[in-house]
Amino acid sequence: MKCIIAGGGIGGMALALSLHDAGLREVEIHESAPSVNELGVGINVLPHAVRELTELDLLDALAESGIPTAELAYYSKRGQRIWSEPRGLAAGYRWPQFSIHRGALLGILHRAVMQRLGAERVHIGHRLTGFGQENGSVLAHFADESRDEGDILVACDGIHSVVRRAFHPGEGPPHWNGITMWRGVTEGRPFLGGRTMIMAGHFGRRMVVYPISRRHEDEGRALINWVAEFRNAPGQPMPRQDWEHAVRVEEAIEPFASFVFEFLDVPALIRGARAVYQYPMVDRDPLPSWNFGRVTLLGDAAHPMFPVGSNGASQAIIDARVLARELALQPSIEAAVSAYDAARRPPTSAIVWANRQVGPERCMDIVEERAPAGFATLDEVISRQELEEISRAYKRTAGFDPEVLNRRPSLSVR
Ligand SMILES: Cc1cc2nc3c(=O)[nH]c(=O)nc-3n(C[C@H](O)[C@H](O)[C@H](O)COP(=O)(O)OP(=O)(O)OC[C@H]3O[C@@H](n4cnc5c(N)ncnc54)[C@H](O)[C@@H]3O)c2cc1C
């Protein structure tokens with residue numbers, strides 16, 4: 001069986017490795033960029049996805065590069081602690097959570113693809129422009145007029161997927177919620193023990209900050225990833241959807257000028273970044289089906305979601321593992337695509353909707369609504385029980401409840 005993968009991002013590379021692991025060795029990856037660039041800033045890989053990467057023998061590489069996140073803490077815009085919880089191994093998972101540079105994660109996957117499948121399987125500068133299905137095969141067309149014929153085409157081509165648009169021509173541009181994100185990485189001193197991810201503020205004016213580099217940690221320093229999210233005034237145009245769109249640092253600092261906390265000086269953090277990138281917070285409505293015969297969607301092509309709850313890359317990795325497993329075990333490609341759709345579309349659709357409701361970070365909004373001027377005792381604003389329920393509910397929705405994950409059988413075919 002020959003699998004054509006359109007898009008060599010995290011989803012496409014994870015799929016190639018998963019297929020190989022499942023014994024399906026005929027795989028071709030077509031990536032539109034002129035090289036597999038290690039772009040982006042920080043990203044989180046949650047324990048359910050780290051489990052899959054561990055089963056693909058990539059745990060050591062992740063541990064060499066990323067930070068095994070030990071704690072997640074939410075603060076108000078005044079730096080008052082609202083909630084904290086252990087994460088990864090500290091939370092009782094059998095697998096860690098990693099905060100890592102997106103480029104480093106992509107590099108780990110890409111190098112493994114080259115070693116295991118061969119460099120000749122990755123076709124760079126190959127932008128998919130169209131495809132057709134007939135007589136039990138799929139023909140993919142590329143911008144340079146080349147073609148590739150296979151048994152299945154998997155669209156891992158991100159939020160602007162050409163394949164998704166072919167099946168849903170009326171869908172239009174992604175849905176923007178009015179929030180601009182500024183992103184960057186800054187070298188600095190470790191904060192809160194060096195393995196904590198924090199969020200401060202509330203939806204519409206919120207900072208997300210976490211360290212991402214093991215090498216810096218080993219040197220007693222921290223490479224700190226940050227995302228500053230701010231709701232634009234009504235009527236403002238949507239920022240460009242270009243992950244590499246760099247802007248002036250002052251733009252990002254202004255809404256967060258007062259975020260100077262005992263443990264972290266946010267304006268100084270932003271000012272120290274090598275570059276500041278701007279991107280809109282966008283997603284798309286879930287689709288009624290990803291089941292298009294010998295063609296299907298994966299990762300952001302299938303379920304682009306707001307970056308809430310650290311799920312974008314993790315869900316793409318899980319999609320890859322489930323699809324590879326179904327392709328190895330089902331009697332036909334159509335049956336495999338159908339089983340993959342049934343297994344992955346409902347839970348990822350639920351995450352898209354949950355992330356529109358601000359996911360697990362809802363507790364920060366509740367505190368802002370009830371105590372905008374700060375609080376003397378947190379209990380008077382929100383109960384421990386309410387906080388615990390918000391955290392538990394999102395873990396269940398996103399499939400990383402520790403007990404469920406620890407007990408679930410492996411997705412490996414071996
Ligand atoms: C350059 C870049 C930087 C990013 N930076 C961050 C970040 O800092 N933080 C964060 O949370 N998320 C970031 N993301 C998004 C994040 O990687 C995804 O949400 C998540 O990992 C899901 O991965 P994916 O493989 O489904 O999609 P993506 O990561 O978007 O990968 C899609 C891939 O398909 C390729 N492609 C697109 N169209 C075609 C085509 N027609 N033919 C062939 N190939 C095509 C793209 O070049 C890309 O390599 C970034 C994405 C990109 C592309």
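Axes here are lines fitted to C-alpha atoms, for helices over the stretch in contact, and angles run from 0 to 180 degrees between N-to-C directions. Keep that in mind for later. What you're looking at is a predicted model, where local features need pLDDT of at least 70, side-chain atom pairs count only at pLDDT 80 or more, and totals for chains, interfaces and linings use all residues. Residues are numbered from 1 along each chain as its sequence is written, and side-chain values use heavy atoms, with hydrogens and water left out.

**Two helices**

Helices (H or I, at least four residues) and strands (E, at least two) are DSSP runs, numbered from the N terminus. The axes of α2 (residues 47-55) and α9 come within 8 Å and cross at roughly 45°. That makes α2 oblique to α9, since angles under 35 degrees count as roughly parallel, over 145 as roughly antiparallel, 65 to 115 as roughly perpendicular and the rest as oblique.

**Around the ligand**

α9 turns up again here: with three residues, α9 gives the largest share of the shell around the ligand. Of the 28 residues around the ligand, Glu31, Val41, Arg102, Arg183 and Asp300 come nearest (near means a heavy atom within 4 Å).

| Residue | Ligand atom | Distance |
|---|---|---|
| Gly11 | oxygen | 2.8 Å |
| Leu128 | nitrogen | 2.9 Å |
| Cys156 | oxygen | 3.5 Å |

How values were computed. Polar contact = N/O pair within 3.5 Å; in protein donor to acceptor, adjacent residues only side chain to side chain.
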